[in-house]
Amino acid sequence: MERVSPELEPVTEEVRKTLHESNNLNIDETGWKCKGDRRYLWIFVSPLAVYFSIAASRGAKVLRSVLGDVFKGVITSDDHSAYSSYHKKGIRQLCWAHIVRKLKALKDGRASPDAYIFSKNMLTEVGRILSCWHAFREGYITREQLLNATTLMRARMKRYCQKYLVSTDGDVLTRAKRLLDNWDHLFTFLTHEGVEPTNNAAERGIRPAVQWRKQCFGNQSEAGERFTERILTVTKTCQLRGKNPFHFLAELMEAAFKRLPRPALLN
């Protein structure tokens, strides 16, 4: 680790600098530990690279430290407040997988008639919209046809949310209000090229790190944190770009030992 980590630093910094120019980013975060203290492992997935960062914060300042004060592209994420705080005037896509899980929990809980009816109607419309989306992805309809086909579905969903703002079920009222508050960030995938309705790219990317955490219980030093984020960045970016991570690391260290030019990860 002590020998490899310094050689990984310029490579990971090169990856970080590409994020700011990306049109679309999928971002997620999960809990981490360093000597038992709370940390957060962040993942940033662009079409070209994957970047990891370990920080003591789960707040917007981490996004600013990685992306700069302003990001001009689309951010796909869950509805964690850090994203809305950082990207106040930017374009976002909320993950529909998260929203669907919450709606299903309302429906399955059957805490009240409102909970069941609201969630059932919303899930029906979401299913129809996603069916149209898959038809578009498979080339059966154009983007214009996709927008036209989902217009009434989205309108019905908005009416359902507005109707249940007076629900006596607090969970239903909260869910309806949260959806209306984030309405502008629910259907970005219908209009923006390269944007997906879910945050699966980031969630899949961070899953191996979560499995690693369960085995190693995090890090024991700041140097260990830096190695973790660097090795994850390089290996996941290699996989995204169709490169063998072991071969790249071997070439990188051979270049370091022989004082040769460093191999390019983003060529």
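Which residues does Pro263 touch, not counting residues up to four places away in sequence? In this predicted model, the answer is Phe248, Glu251, Leu252 and Ala255, and the legends below begin with that site.

View 1. Although Pro263 and Leu252 are eleven residues apart in sequence, their C-alpha atoms are 6.0 Å apart in space. With a relative accessible area of 18%, Pro263 is classed as buried, because the cut-off for that class is under 20%.

**View 2. The open five-stranded sheet.** The strands of this open sheet follow the order β3-β2-β1-β4-β5, and their pairing is mixed. Strands β3 (50-55) and β5 (91-94) stand at the edges and have a single partner strand each, so one side of each is left without a neighbour in the sheet. On average, and with direction ignored, neighbouring strands of this sheet are turned by 25° against each other. Strands of a sheet pair through backbone hydrogen bonds, and they do so in either a parallel or an antiparallel sense.

**View 3. The antiparallel pair β2 and β3.** Strand β2, which covers residues 37-45, pairs with β3 in the antiparallel sense over six bridges. Within this part of the sheet, Tyr40 stands opposite Ala55, a residue of β3.

**View 4. The parallel pair β4 and β5 with helix α3.** Here β4 and β5 pair in the parallel sense over four bridges, and Ser77 stands opposite Leu94 in β5. Together with helix α3 (residues 81-86), the strands β4 and β5 make a β-α-β unit that is right-handed.

View 5. Helix α1, made of residues 4-19, lies across β1 (24-34), β2 and β3, and runs at about 105° to β3. Helix α2, made of residues 60-67, lies across β1, β2, β3 and β4 (74-77), and runs at about 45° to β2.

View 6. Most residues other than glycine have a negative phi. Arg110 is exposed, its relative accessible area being 57%.

**View 7. The packing of α5 against α7.** Helix α5 and helix α7 (residues 170-181) pack at an angle of about 30°, and their axes are 10 Å apart. Angles under 35 degrees count as roughly parallel, so α5 is described as roughly parallel to α7. At this contact, Asp114, Ala115, Phe118 and Met122 in α5 meet Val172, Arg175, Ala176 and Leu179 in α7.

View 8. With a sulfur-to-sulfur cut-off of 2.5 Å, the count comes to zero disulfides. Cys132 is in no disulfide, and its nearest cysteine sulfur, that of Cys161, is 18 Å away. For Cys161, the closest cysteine sulfur is that of Cys95 at 17 Å, which is too far for a bond. Both residues are classed as buried: Cys132 has a relative accessible area of 15%, and Cys161 has a relative accessible area of 0%.

**View 9. Ala149 in helix α6.** Ala149 has its place in helix α6, which is made of residues 143-163, and with a relative accessible area of 36% this residue is partly exposed. Ala149 and Leu240 are 91 residues apart in sequence, and their C-alpha atoms are 33 Å apart in space.

**View 10. The protein as context for the close-ups.** The secondary structure comes to ten helices and five strands, and the C-alpha trace spans about 70 × 45 × 30 Å along its principal axes. Of the 267 residues of the protein, 50% count as buried. Among the contacts with a separation of 6 or more, 61% are accounted for by residues 24 or more positions apart.

Terms used. Residues are numbered from 1 along each chain as its sequence is written. This is a predicted model: local features need pLDDT of at least 70, side-chain atom pairs count only at pLDDT 80 or more; totals for chains, interfaces and linings use all residues. Side-chain values use heavy atoms; hydrogens and water are left out. Two strands pair if DSSP finds at least two bridges between them. Helices (H or I, at least four residues) and strands (E, at least two) are DSSP runs, numbered from the N terminus. Axes are lines fitted to C-alpha atoms, for helices over the stretch in contact, and angles run from 0 to 180 degrees between N-to-C directions. Contact means heavy atoms within 4.5 Å. Buried means under 20% relative accessible area, exposed over 50%, partly exposed in between (1.4 Å probe, protein chains only). A crossover is right-handed if, with the strands pointing away from the viewer, the path from the first strand over the helix to the second runs clockwise. Angles under 35 degrees count as roughly parallel, over 145 as roughly antiparallel, 65 to 115 as roughly perpendicular and the rest as oblique.
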